[in-house]
Amino acid sequence: MYPNLYYAFKDLFGVDWKFLRFVNSFGFFVAIAFICAAVTLSLELKRKERQGLLQPEDQKIIIGKPASISGLLINFIFGFLLGYKFVGLFLSDSPLASNPQDFIFSSEGSWPAGLLLAFLFAGLNWWEKNKQKLPQPEERKIRIWPHDRVGDLTIYAAIFGFLGAKIFNSLETWSDFVKNPILSLFSFSGLTFYGGLICAALAIWYYAKRHHIGFWHLNDSAAPGLMLAYGVGRIGCQVSGDGDWGIINSAYYTRPDSKLGLSSPLQFQQTVSQNGNFYLNQFGSLDKVPHLSVKAPSFLPDWLFAYSYPHNVINEGVQIAGCKDQYCSHLPLPVFPTPFYEVVVCIFLFLVIWSVRKRFTIPGKLFGFYLLLNGIERFFVEKIRVNTKYDIFGFHPTQAEIISFLLIITGIVLLTVLKRKPALTDIAS
């Protein structure tokens, strides 16, 4: 496992670049996922603009104004925070610097770096505005196309997606949230994809309505990228070992060196008993530990069916023999690597959506197709994932099963109900 890029580069390329410890593997792939979504969204918006399905918006701006006090202050504060925290992280010799998350949410930082970047950012803002200053500021009209707003849309999706993912994860892990709500909300681990998707969708709906972007055309344009981003983001889950894995595969057990050995039903029960505290904390009872016994075919590697997530980023499990690093835990019983399954399936589904996108001529139907595929994929993978279950009229679904079921129904409704109408009438209203 590679909790951060330092471990990945050291293992893959043999280099000892300690500054890479500050680049979390999960966060790195989430950033790549957002880039993938932004690129595909931009391509699709441009295609629809060429077809005349999306129109530009005229916007008035004032040019030639000198730098404002508020603008200088915002740049000063942003520069200070960037220098104090992020540059300070690389310069600090504090024990907290070994864990970027703890450092960022502490009072530690570099005052010289903070002040230097604060004055630099404020100075650059003043210089840029002064260079463009006119004797008399002018009002001009510019034309902004929907694809020009992809940067804003990505920022909206990132901010509200993160907030939604944290809120829904807190609801799903309510007992942990009650114990430490501050840590639960501000931790970078523990993110629920569907919570992020729902909150980001609401924020983007508001943005599209405000700027008169055809909502269904925007949804259709985003559909391929959403599926691709989900698949790429799951690479981060698999590589870092963020706890988003499947149930136990009792056909194997984990050796002290993190390698797998074949297990028997008796050995499975013995391993559960030997690690009773760990499994009691996770499942509440040693008699209710969910598991399946599936042995890998001889032509496939064992890790495709059972993985112990050694050196996982959340330090879940038991100590790895002889390990003295920051991340020295692995699972005593291996689990199904469901993030890897979702990487493969979702990238394949992205290719499917991308290849058929031009055949969907009715606005909203491609997005319905995406919802249907996404809901089906997640509904079935939940059958072998570890998640909190709810008691609803005798049924015991997980949060993701409930939401994925609703996505399937919504997708079917959109594919069935949406009528053919002139594309140019699809405006945000």
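The mean pLDDT of the protein chain in this predicted model is 86, and 86% of its residues reach 70 or more. The secondary structure of the chain comes to 15 helices and eight strands, and of its 429 residues, 44% count as buried.

**Confidence along the chain**

- Among the elements of the chain, helix α8, which covers residues 181-186, has the lowest mean pLDDT, at 55, whereas α13 has the highest, at 97.
- Over residues 423-429 the pLDDT stays under 50, and for this stretch the model has 19 contacts beyond four places in sequence.
- Where pLDDT is low, the predicted coordinates should not be read in detail.

**The chain as a whole**

- Among the contacts in the protein chain with a separation of 6 or more, 74% are accounted for by residues 24 or more positions apart.
- The accessible surface of the protein chain comes to about 23100 Å², and carbon and sulfur atoms hold 66% of this surface.

**Helix α13 and its surroundings**

- Helix α13 has 19 residues and reaches 27 Å from its first C-alpha to its last, which is close to the 27 Å expected at 1.5 Å a residue.
- The buried residues of α13 are T338, P339, E342, V343, C346, L349, F350, I353 and V356, and what covers them includes α2, α10 (residues 215-240) and α14.
- C346, which is found in helix α13, is buried with a relative accessible area of 0%.
- Not counting residues up to four places away in sequence, C346 touches M227, Y230, G231 and E377.
- The C-alpha atoms of C346 and A229 are 8.8 Å apart in space, although these two residues are 117 residues apart in sequence.

- Side chains of opposite charge can pair when their charged atoms come close.
- E44 forms a salt bridge with R357, and the closest N and O atoms of this pair are 2.7 Å apart.
- Because E44 lies in helix α2 (residues 25-50) and R357 in the loop between α13 (338-356) and α14 (365-381), the pair ties together parts that are 313 residues apart in sequence.
- R143 forms a salt bridge with D58, with the closest N and O atoms 3.1 Å apart.
- R143 lies in strand β2 (residues 138-144) and D58 in strand β1 (residues 57-63), so this pair ties together parts that are 85 residues apart in sequence.
- R143 is exposed, with a relative accessible area of 55%, while D58, at 41% relative accessibility, counts as partly exposed.

- The side chains of R140 and E138 meet in a salt bridge at 3.1 Å, taken from N to O.
- R140 is partly exposed, with a relative accessible area of 43%, and E138 is also partly exposed, with a relative accessible area of 35%.
- Elsewhere, salt bridges that share partners join R234, D244, E342, R378, E382 and R385 into one network.

- R385 is found in the loop between α14 and α15, the latter covering residues 399-417, and at 7% relative accessibility R385 counts as buried.
- The side chain of R385 makes a polar contact with the side chain of E382, at 2.4 Å.
- Leaving aside residues up to four places away in sequence, R385 touches D244, W245, G246, I247, T338 and R378; of these, D244 and R378 also belong to the salt-bridge network.

**F278 in helix α12**

- F278 is found in helix α12, which covers residues 276-283, and F278 is buried, with a relative accessible area of 16%.
- The C-alpha atoms of F278 and E316 are separated by 8.9 Å, and these residues stand 38 residues apart along the chain.
- Not counting residues up to four places away in sequence, F278 touches E316, G317, L331 and P332.

Conventions. Residues are numbered from 1 along each chain as its sequence is written. This is a predicted model: local features need pLDDT of at least 70, side-chain atom pairs count only at pLDDT 80 or more; totals for chains, interfaces and linings use all residues. Side-chain values use heavy atoms; hydrogens and water are left out. A salt bridge is a side-chain nitrogen of Lys or Arg within 4 Å of a carboxyl oxygen of Asp or Glu. Helices (H or I, at least four residues) and strands (E, at least two) are DSSP runs, numbered from the N terminus. Buried means under 20% relative accessible area, exposed over 50%, partly exposed in between (1.4 Å probe, protein chains only). pLDDT is the predictor's confidence in each residue, from 0 to 100. Contact means heavy atoms within 4.5 Å. A polar contact is a pair of N or O atoms within 3.5 Å; within protein, one must be able to donate a hydrogen and the other to accept it, and residues adjacent in sequence count only if both atoms are side-chain atoms. Accessible areas come from the Shrake-Rupley method with a 1.4 Å probe; for residues, only the protein chains shown count as cover. The expected span of a helix is 1.5 Å times one less than its number of residues.
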